[in-house]
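This report describes the pockets, the cavity and the sheet of one protein model. Please keep the structure in view while reading.

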Amino acid sequence: MTILKVVTEPADVLLAEAKPVTKFDAKLHKLLDDMYETMVDSEGVGIAAPQVNESIQACIVLLNIDTEDEEEMLELINPEIVQYSDDTNVDLEGCLSIPEQFGDVERSNGVRVEFDDRNGKHYKLEAYGYDARVIQHEIDHLHGVLFTTKAEKMYTPEEMAEMFEEEEE
């Protein structure tokens, strides 16, 4: 497996609508494996194909990272959020493609998503809390939407340092 270069802003591929996946072949499987390795190496919780300069509708998320449950890696190919919960929350987000920038983003607390796996098998999933947030963030990437366009407030590096200092106290 290969660690891929993460595309950073500004880059046209990050702002473009990604193309649907039509071939569920060895090339896709290798890309997904490499994306996973890249995400782990970059200490991310999700990564979308456009972030590694591939404009296709594929992303990977880690589920259960904020719970006692075992972490689970989920590959979403051609994902579509078919339902959003009415209740929302605002939380801090960052992005591998926008290093050292963080902001408060409002997102739905729950989503119902339909997607294919790497072999083209179709699935439906309901996700809540942090899992729903990560899924929404990564699917936004597939539509050329960056979290910075949704952020209610962006934080300076100094403000982030202060927030982390306060948490440690």
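## The largest pocket

The lining of the largest pocket is made up of 12 nonpolar, seven polar and seven charged residues. Here Ala, Val, Leu, Ile, Met, Phe, Trp, Tyr, Cys and Pro count as nonpolar, Asp, Glu, Lys and Arg as charged, and the others, Gly among them, as polar. The model is predicted: local features need pLDDT of at least 70, side-chain atom pairs count only at pLDDT 80 or more, and totals for chains, interfaces and linings use all residues. Residues are numbered from 1 along each chain as its sequence is written, and side-chain values use heavy atoms, with hydrogens and water left out.

The space in the largest pocket is about 580 Å³. Among its 26 lining residues, Glu-93, Gly-94, Cys-95, Phe-102 and Tyr-130 are the closest to its centre. At least two lining residues come from each of β4 (88-95), β5, α3 and α4 (157-168). Helices (H or I, at least four residues) and strands (E, at least two) are DSSP runs, numbered from the N terminus.

On a 1 Å grid over the protein atoms alone, a pocket is an open set of points with protein on both sides within 12 Å along at least five of seven lines, whereas a cavity is a set where a 1.4 Å probe fits but cannot get out; lining residues have an atom within 4 Å of a point. Grid points are joined across faces, edges and corners, and a volume is the space filled by probe spheres set on the points.

## The cavity

There is one cavity of 30 Å³ or more. The largest cavity holds about 40 Å³ of space, and its lining includes Cys-95, His-137 and Phe-147. α3 gives the largest share of this lining, three residues.

## The sheet

An open sheet is formed by five strands in the order β1-β2-β3-β6-β7, with antiparallel pairing. Two strands pair if DSSP finds at least two bridges between them. β1 (46-48) and β7 (122-128) are at the edges with a single partner strand each, so one side of each has no neighbour in the sheet.

Strands β2 (residues 58-63) and β3 (residues 72-84) are joined by six bridges, and Cys-59 stands opposite Leu-76 in β3. Helix α2 (residues 26-41) packs on the sheet and touches β1, β2 and β3, where contact means heavy atoms within 4.5 Å. α3 also packs on the sheet, touching β1, β2, β3, β6 (110-116) and β7.

Notes:
Axes fitted to C-alpha atoms, helices over the stretch in contact; angles between N-to-C directions.
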